[in-house]
Amino acid sequence: MSSQTPSDQSATQSMDVEQLTGKGVVSQDGMDVGDVASFVIDPESWKVLSVVLKVDRDALDTLKLKRPLLGSQRILVPVSEVSGVGKSVVLKSKLSELTFFGGEPAEEAPVAVVDASAAEDGER
């Protein structure tokens with residue numbers, strides 16, 4: 001029989017917020033996504049809904065997010081996307097397939113429009 005109380009048992013199955021904040025986040029394909037910045041918590045149930053990530057600048061392009069002049073962006077990743085926690089937080093998805101919310105999308109590159117009739121006039 002265990003000598004642990006119910007509160008002791010839940011403590012061994014949980015992690016302190018301070019232990020997770022700042023921890024690196026890795027996608028299923030081994031790509032560095034960023035670091036845990038904070039959490040979104042449901043105020044009624046006190047359950048964690050999402051993990052707020054400060055995205056690595058190198059991951060912004062893959063996530064199709066704007067690269068700010070300084071710093072990075074933050075996104076919300078649902079806890080359902082988290083596979084496990086060890087030295088890093090490991091996500092269930094590859095970086096290119098990650099489900100997330102927030103972040104400023106990268107601007108589409110302008111498409112050059114060539115006037116075909118002008119090009120033909122130049123050939124004559």
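Is Glu104 buried, exposed or partly exposed, and at what relative accessibility? Glu104 counts as partly exposed because its relative accessibility is 42%. In these terms, buried means under 20% relative accessible area, exposed means over 50%, and partly exposed lies in between, with a 1.4 Å probe and protein chains only.

This is a predicted model, in which local features need pLDDT of at least 70, side-chain atom pairs count only at pLDDT 80 or more, and totals for chains, interfaces and linings use all residues. Residues are numbered from 1 along each chain as its sequence is written, and side-chain values use heavy atoms, with hydrogens and water left out.

**Overall architecture**

The chain contains 4 helices and 6 strands, and their order from the N terminus is α-α-β-β-β-α-β-β-β-α. Helices (H or I, at least four residues) and strands (E, at least two) are DSSP runs, numbered from the N terminus. Of the 124 residues in the chain, 23% are buried. The accessible surface comes to about 8,900 Å², and carbon and sulfur atoms account for 53% of that surface; such areas come from the Shrake-Rupley method with a 1.4 Å probe, and for residues only the protein chains shown count as cover. A contact means heavy atoms within 4.5 Å. Among contacts between residues at least 6 apart in sequence, 43% join residues at least 24 apart.

**Strand pairing**

Two strands pair if DSSP finds at least two bridges between them. Strand 2 (residues 32-41) pairs with strand 3 (residues 48-55) in the antiparallel sense over 7 bridges. Within this pairing, Gly34 has Val55 in strand 3 as its bridge partner. The hairpin of strand 2 and strand 3 has 6 residues between the strands, and Trp46 takes a positive phi near 65° there. Strand 3 also pairs with strand 4 in the antiparallel sense, over 5 bridges, and Val52 stands opposite Leu76 in strand 4.

**Salt bridges**

Side chains of opposite charge can pair when their charged atoms come close. A salt bridge is a side-chain nitrogen of Lys or Arg within 4 Å of a carboxyl oxygen of Asp or Glu. By this rule, the count is 2 salt bridges.

| Salt bridge | Closest N and O atoms |
|---|---|
| Asp61 and Arg67 | 3.1 Å |
| Glu104 and Lys66 | 3.6 Å |

Glu104 forms its salt bridge with Lys66. This pair links distant parts of the chain, 38 residues apart: Glu104 lies in the loop between strand 6 (89-91) and helix 4 (116-123), and Lys66 in the loop between helix 3 (57-62) and strand 4 (74-78). Lys66 counts as partly exposed because its relative accessibility is 31%. Arg67 counts as partly exposed at 36% relative accessibility.
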